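Reader: Please display the model, and let us then discuss its strands and the surroundings of its ligand.

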Amino acid sequence: MLSCTANAQEFALSFVTELLLESVFLSVDPYMRPYSQRNMKEGDIMIGTQVARIVESKNPDFTVGVFVVARSGWRTHFISDGKDLRALPPNWPESLPRSLALGTIGMPGLTAYFGLLEVCKMKSGETVLVNAAAGAVGSVVGQLAKIWGCKVVGCAGSDDKVAYLKKIGFDEAFNYKTVASLDEALRKASPDGYDCFFDNVGGEFTTVAINQMKTYGRIALCGAISQYNDSVPQKGPYVQMPMIFKELQMEGFIVSRWNNRWEEGLNTMLKWVMEVRKEGVGFCKVPFCFCLCKGSLVIAVEVKPQHDTFLPPDLIFESFGDSQTIVNIPDPFCFVETCNIRL
Ligand SMILES: NC(=O)c1ccc[n+]([C@@H]2O[C@H](COP(=O)([O-])OP(=O)(O)OC[C@H]3O[C@@H](n4cnc5c(N)ncnc54)[C@H](OP(=O)(O)O)[C@@H]3O)[C@@H](O)[C@H]2O)c1
């Protein structure tokens, strides 16, 4: 459920450290599927992250008008004591859409950054495989790996997404839904196999891809989106044999492990986005942002232009999901996909 408050005046700040915030962008991320299924009951306010603007402040550390990232769920307004807020990097350019703080210069971007650096331990010259490659995480994985001098193979679930992957610099890309054999497609894309596998999908894809890893290959288990909706757990084949005989490393991770390096990650991603923007190549994905609802039913999906007045005039939205057509989404299981902002 999205908690709408028609009027910010309904809130009264009582304590000296309190702030009143107004959500500007809400994110829609895959983790909401398993988390909401496990931890939420009907009528609960949907979990989620937002970019919010401070509209009132009794806290000397936060000035009115400043934008922050919060994890207060789908609420139009909320009160905070400031402890759970992350300010946008102070050098955030006026011309850069703030919604990127929920995408490339936010949690999904840092997932790609730390997953590649710290879990895959990617080195220049290696071959990197990523699935759900056109997604918020996968598209950054591919672009960062290219910047680091790797060969990048990605796959996605539509021909449009595959064309997009090629446009943003993937060396090889294919549509995993239409290839005759996933095994053959992976072999064709990199006959020598893969050093790193950034796995966003899990399930059958992982089982097939593991057999294409090079000896001592590293697998970063980032997500298992193919399993999030399962009511019955999927069964093997199991991974032990290729893991042993190819001496592979497989490590699951959650990006919050690097909370103490968040600033470093954000600054790196911000610098990268600005460089990409200057050169006029590359894309950044932002979570689809929406704001309207009535009761517990989302009735419209839109970007809030009045709060994002700094969007470049040539902004192009590319939707690869159903997000722009979905209406009447049963609450709270509202799974819309992300859209792209081309910088
Ligand atoms: N470990 C962490 O800290 C962390 C942090 C952020 C995200 N993640 C995980 O990373 C993954 C990607 O996240 P994201 O933010 O990039 O997501 P996203 O932008 O919403 O993209 C998700 C993509 O996954 C693919 N997908 C959806 N359902 C699928 C299914 N049943 N089987 C196979 N593919 C499916 C779809 O692409 P196609 O059409 O190409 O199939 C979809 O567009 C998710 O698994 C997420 O949970 C993990």
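Author: A definition is needed at the outset: two strands pair if DSSP finds at least two bridges between them. The model under discussion is predicted.

Reader: In β8, which residue is the bridge partner of glycine 154?

Author: Strand β7 covers residues 151-156 and strand β8 covers residues 172-175; the two run parallel and are joined by four bridges. Within β8, the bridge partner of glycine 154 is alanine 173.

Reader: Which strands are the edge strands of the open sheet of five strands?

Author: The open sheet has the order β4-β1-β2-β3-β5, with antiparallel pairing. An edge strand here pairs on one side only, which holds for β4 (77-80) and β5 (86-87).

Reader: Which helix supplies the largest share of the shell around the ligand?

Author: Helices α2 (107-120) and α3 (136-147) each contribute at least two residues to the shell. The largest share is three residues, and it comes from α3.

Reader: Between which domains does the ligand lie?

Author: The ligand is surrounded by 27 residues, the closest being Gly135, Val137, Ala156, Gly157 and Gly223. Two domains both give residues to this shell, so the ligand lies between domain 1 (8-95 + 287-342) and domain 2 (107-256).

Definitions and conventions. Residues are numbered from 1 along each chain as its sequence is written. This is a predicted model: local features need pLDDT of at least 70, side-chain atom pairs count only at pLDDT 80 or more; totals for chains, interfaces and linings use all residues. A residue is near a molecule or strand if its C-beta atom, placed from the backbone, lies within 6 Å of it. Domain bounds come from an automatic or database domain assignment.
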